[in-house]
Each structure stands twice: as structure tokens, then as C-alpha cells.
Amino acid sequence: MLTLQFIRENAEFVVDRLKIKNFDASGLVEQVLAADNERRTLQTRTDQKQGEMNNLSRQIGQLFKEGKQDEGNQAKEKTSQLKEEIKHLSQQFSESEKKLTTLLVQLPNLPYKDVPAGTSEKDNEIVREGGKMPNLIDNALPHWDLATNYNLIDFELGNKITGAGFPVYKGKGARLQRALINFFLEQNVVAGYTEILPPFIVNESSGFGTGQLPDKEGQMYHVTDDNLYLIPTAEVPVTNIYRDVILSANDLPVKNTAYTPCFRREAGSYGKDVRGLNRLHQFDKVEIVQIQHPDKSYESLNEMVDHVESLIQMLELPYRIVKLCGGDMSFTSALTYDFEVYAAAQKKWLEVSSVSNFESYQANRLKLRFKEDNQKKNVLAHTLNGSSLALPRIVAALLENNQTAEGIRVPNVLKPFFNFEFID
RNA sequence: GGAGGAAUGGCAGAGUGGUCGAAUGCGGCGGUCUUGAAAACCGUUGACCGUUCCGCGGUCCGGGGGUUCGAAUCCCUCUUCCUCCGCCA
């Protein structure tokens with residue numbers, strides 16, 4: 001969330017910038033400022049009474065110590081009213097604080113200065129394109145047919161065991177998943193990321209820290225008995241490692257990578273977009289996460305974009321990098337680049353990565369700070385993350401683009417991890 | 001799952017009702033000494049909020065609640081960790 005201090009000092013700017021995200025913040029900002037004022041008034045009054053009480057208690061203690069029982073008891077009688085007032089005030093204060101937080105979390109992150117205006121993906125800006133479009137054979141098949149024909153993925157079996165959106169990978173299909181996960185992790189480690197294997201289920205505080213809760217509750221699977229959530233992305237556990245942490249400046253940047261399965265309810269997604277591997281309830285993804293000094297976070301963002309691009313290039317897939325417009329960006333992001341690969345049989349661009357800078361928006365929720373050298377004050381760090389990469393759509397594109405009459409060609413870079421040049 | 005024990009500042013570890021945000025040691029930072037370093041010595045060393053902001057006030061001793069004029073200290077509850085038993089990949 002945005003910091004109160006920033007909103008106080010830049011209220012108009014906040015409202016103005018959020019227009020880029022098609023978010024009318026005028027009413028909300030006003031309410032935040034009012035709630036903030038109320039809270040501060042209440043705190044001043046509460047603190048003052050509490051101070052009086054502390055003084056009185058000290059005096060009473062002193063009186064009893066000196067053996068002045070009568071005076072002590074007399075003084076005691078004076079405390080009951082004060083006590084009542086404090087109880088009342090602190091109740092109001094905590095309600096006021098709660099109200100303020102409720103309002104505050106409704107404000108999205110501000111878009112970075114060069115985020116294009118727009119309402120949907122049509123307004124996104126293509127920043128780079130690369131790779132070579134394949135020459136498809138005649139009668140080229142979409143990946144769901146290829147996956148079935150070559151016995152790589154069994155969608156029906158997934159329906160039986162769990163339900164739609166939970167495919168079963170088999171044989172070379174399963175091995176290809178494993179190979180891709182290894183390949184991605186390996187490349188990330190080479191690029192300086194530390195490998196993490198986090199829990200796949202998180203608590204409420206973690207969900208709040210990265211911004212999934214409270215607003216996107218319906219997108220996660222909820223284990224109600226224990227009030228835990230299946231992770232929708234490794235971003236959640238890996239970023240939350242640093243919740244309530246104060247780093248020192250020379251710890252930065254922190255670079256972590258993790259493979260996890262991701263679980264998404266995808267409520268409200270139906271139709272042809274969900275065919276095959278295009279949209280699943282459970283899928284595999286390797287994630288990269290950085291924690292960086294505010295002055296350098298956009299350098300890191302570019303570095304991450306270049307890194308993800310190199311992965312896709314190694315897989316020899318045609319791709320494009322898209323800068324999201326305000327309307328298509330997530331609630332918590334300041335700047336997001338999406339990566340799309342072309343799945344030639346479907347004739348579709350599929351999103352395989354989303355790389356974002358959240359600036360201090362998540363850090364403020366997480367209370368993730370660092371100590372600047374020679375300075376007392378702790379400052380919020382910047383957090384960034386990106387997929388490197390999400391597997392299913394990569395697999396979809398690999399299958400579709402590399403199909404030949406004899407079988408499916410496997411990119412050379414996977415050799416160390418997948419010992420077949422051909423799937424036939 | 002059953003029975004006990006514990007949770008204090010970066011770490012170790014005192015403190016069982018009254019200036020305790022907390023002794024002491026280690027670590028960190030600054031200084032004296034030294035050509036430099038070590039050792040020794042001196043000083044300093046948590047976070048958050050409010051404010052009339054070089055000052056003052058408030059909160060925080062695992063989380064939440066309670067008793068009391070007053071709680072790190074007493075009570076309840078939750079969580080986590082340790083020991084023993086059982087079970088187990």
C-alpha cells in the first residue's frame with residue numbers, strides 16, 4: 001500500500017496518477033486523509049491521558065513505598081475515571097486505525113511515469129519482438145491434440161482425479177516438465193539468483209503482505225480448517241521471507257528464485273481461452289524475486305526483463321515484450337512487462353511471463369525495510385518479481401511450433417535435462 | 001496424538017508486581033593508544049506512532065485477552081520451540 005506520509009503530502013498527485021489506471025481515487029483519498037486526521041487526534045488524546053495515568057501510578061507507588069497508605073488509597077480512587085476514559089479513547093483509536101487501513105489497502109499502486117494510458121490489452125505497448133516464426137507443416141495440430149497423440153498429457157485423467165484444469169503429465173510429457181524446471185532454475189542460478197524451495201501453502205499474513213488479500217481472496221484456494229491458502233505464485237512465499245525484516249544496504253539486491261506449482265481458482269474463466277494448457281488451475285512456474293534499493297529498482301527491472309528474454313531466446317520461441325497500459329496492470333504493480341510467445345497452430349500469443357516492479361507498495365505492507373549506511377532511519381525497500389518462466393504455455397508453444405511429420409523437435413538447450421531430440 | 005518444560009533487544013542471558021525499554025556478556029559502531037592491526041580502555045548501540053520536532057509523550061519483553069492504581073513479572077487463550085512416549089514419509 002501507499003505510505004500515509006506520501007498521500008498526505010501528494011494527495012492531488014495520487015488522484016491524478018491513478019487516472020492512468022482508470023481508478024477514480026478522489027473520494028478514497030479524501031476519506032483516507034479524514035481518517036488519518038481522526039486517528040491522529042485520537043492518538044494525541046489517548047497518549048495524553050495515558051501519560052497522566054502513568055504519572056499517577058508512579059506517585060501511588062511512591063506513596064506506598066513511603067508508608068503513606070491513606071494518601072495512596074486516596075489517590076487510587078482518582079484513577080477509576082481516568083481509566084474509564086483511556087479505555088474508551090483507546091477503543092476509538094484502534095477502530096479508527098482499522099478504518100484507516102481498510103481504506104488504505106483499497107488504493108492501488110501508482111503507475112510509473114512512462115506507463116501508457118489505456119483500458120485494456122489493446123492499449124499495451126509492444127517494446128520488443130524477437131525469435132523466428134515457424135513454418136508449420138500442413139495439417140498442423142494445436143498442442144492439446146499433440147499432447148494427446150504423443151501421450152504426453154492426459155487431460156481426461158485429470159478430470160477424473162481432480163477436475164478440469166488439473167492435467168496429468170505422463171512419460172516424456174512429465175519429463176519435459178522436469179527438464180524445463182531444471183533448465184530455468186539452472187539459468188537463474190547462473191544469473192545470480194539463490195534457489196529457494198518454499199512452502200506451497202501460506203497463511204493470511206503472507207497473503208496480505210504481497211497483496212493477494214484482502215481483495216483477491218476468490219482467486220486462491222482456501223484451506224478453511226486451518227485458514228491457509230494454496231499459493232497462486234511463488235512470489236507469495238518467497239517475498240514474504242522478508243516480511244518484518246530490516247536489511248542493511250549492502251544486502252541489496254536480494255535475488256531469489258523458486259520453482260513451485262501454482263494454484264489458481266480462475267473463477268469466471270470459461271470458453272476457448274481455457275483449452276488445453278492455456279489456462280489451468282494448477283501449473284508449474286519458476287519465479288525470480290528481487291529486493292532492491294529504491295534508486296536501483298528500475299535497473300533491476302530491466303535486468304530481469306533481459307534475463308527472461310534470454311530464456312525464451314534459448315528456447316527458440318517467437319516472442320514479444322509488452323509494456324502494460326494502466327488499465328491492464330495489476331493493482332499492486334508500478335510497471336509491468338509481459339512476455340508473450342507465439343503458439344503457431346492456435347495462431348495465438350500466450351502470456352508466459354509478467355515482470356513487475358512494485359516499488360515500495362508491497363514493502364510497505366510487508367514492513368520490509370533496509371538501513372541506509374550511516375543513517376538511522378529505516379527506509380522501505382523495493383520489491384520486484386517475474387516468471388522465468390510459466391511452463392504450460394511454453395510447452396504449448398514448443399509443441400505447436402516444433403511439430404514435424406516425424407515428431408516434435410526439442411530445443412538444444414534442453415539436452416542436458418531431457419535426453420531426447422525428438423518426441424515421437 | 002499423550003505428558004511435561006520454555007518463549008526477553010543482532011546473539012547469549014538476568015530479571016517473578018512499582019521510574020524496566022529492560023542488568024551483564026558477546027557482536028556492531030565511534031574514539032584513545034598504534035606506522036598499521038590486535039589487545040586494552042572509554043563512549044555508543046532496537047522498532048513503531050504522535051507531537052508545540054535539536055525536546056516531549058505513547059506503544060512494544062512470541063500473538064490476543066484479563067486481573068491491578070501499576071504487569072516482562074500474576075491469570076486465561078492461541079502459536080511456536082524443546083524433552084519423553086506413541087505413530088510415521
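Predicted model: local features only at pLDDT ≥ 70, side-chain atom pairs only at ≥ 80, totals over all residues.
Reader: Which residues lie nearest the centre of the second largest pocket?

Author: This pocket holds about 1200 Å³ of space. Its lining is made of 38 residues. Nearest the centre are L2, T3, L4, N364 and L380.

Reader: Which element gives the most to the lining of the second largest pocket?

Author: The elements that give two or more residues to this lining include α2 (11–18), α4 (69–104) and α11 (361–366). Strands β14 (369–371) and β15 (378–380) are also among them, as is α1 (4–9). The top contribution, five residues, comes from α1.

Reader: What is the order of the strands in the open sheet of three strands?

Author: Two strands from that lining, β14 and β15, turn up again in this sheet. The edge strands are β8 (246–248) and β15, each pairing on one side only. From one strand to the next the twist averages 40°. Pairing is mixed, and the order is β8-β14-β15.

Reader: Which residue in β14 is the bridge partner of I246?

Author: Strands β8 and β14 run parallel and are joined by three bridges. In β14, the partner of I246 is R369.

Reader: Which element gives the largest share of the lining of the largest pocket?

Author: The largest pocket has a volume of about 1700 Å³ and is lined by 50 residues. Elements giving two or more residues to the lining include β10 (282–292), β12 (335–343), β13 (348–357) and α12 (391–401). The largest share, eight residues, comes from β13.

Reader: And which residues lie nearest the centre of the largest pocket?

Author: Its lining divides into 16 nonpolar, 18 polar and 16 charged residues. Nearest the centre lie R264, D338, E351, S354 and R393.

Reader: How many Å separate the centres of domain 1 and domain 2?

Author: Let's finish with the two domains, which cover 4–104 and 121–423. Taken over C-alpha atoms, their centres are separated by 43 Å.

Notes: Residues numbered from 1 in each chain as written. Chains lettered and ligands numbered in written order. Heavy atoms only, no water. 1 Å grid on protein atoms, 1.4 Å probe; cavity = no way out; pocket = protein on both sides within 12 Å on 5 of 7 lines; lining within 4 Å. Points joined across faces, edges and corners; volume = space filled by probe spheres on them. Helix = DSSP H or I, 4+ residues; strand = E, 2+ residues; numbered from the N terminus. Nonpolar A, V, L, I, M, F, W, Y, C, P; charged D, E, K, R; others polar. Domains from an automatic or database assignment. Pairing = 2+ DSSP bridges. Axes fitted to C-alpha atoms, helices over the stretch in contact; angles between N-to-C directions.
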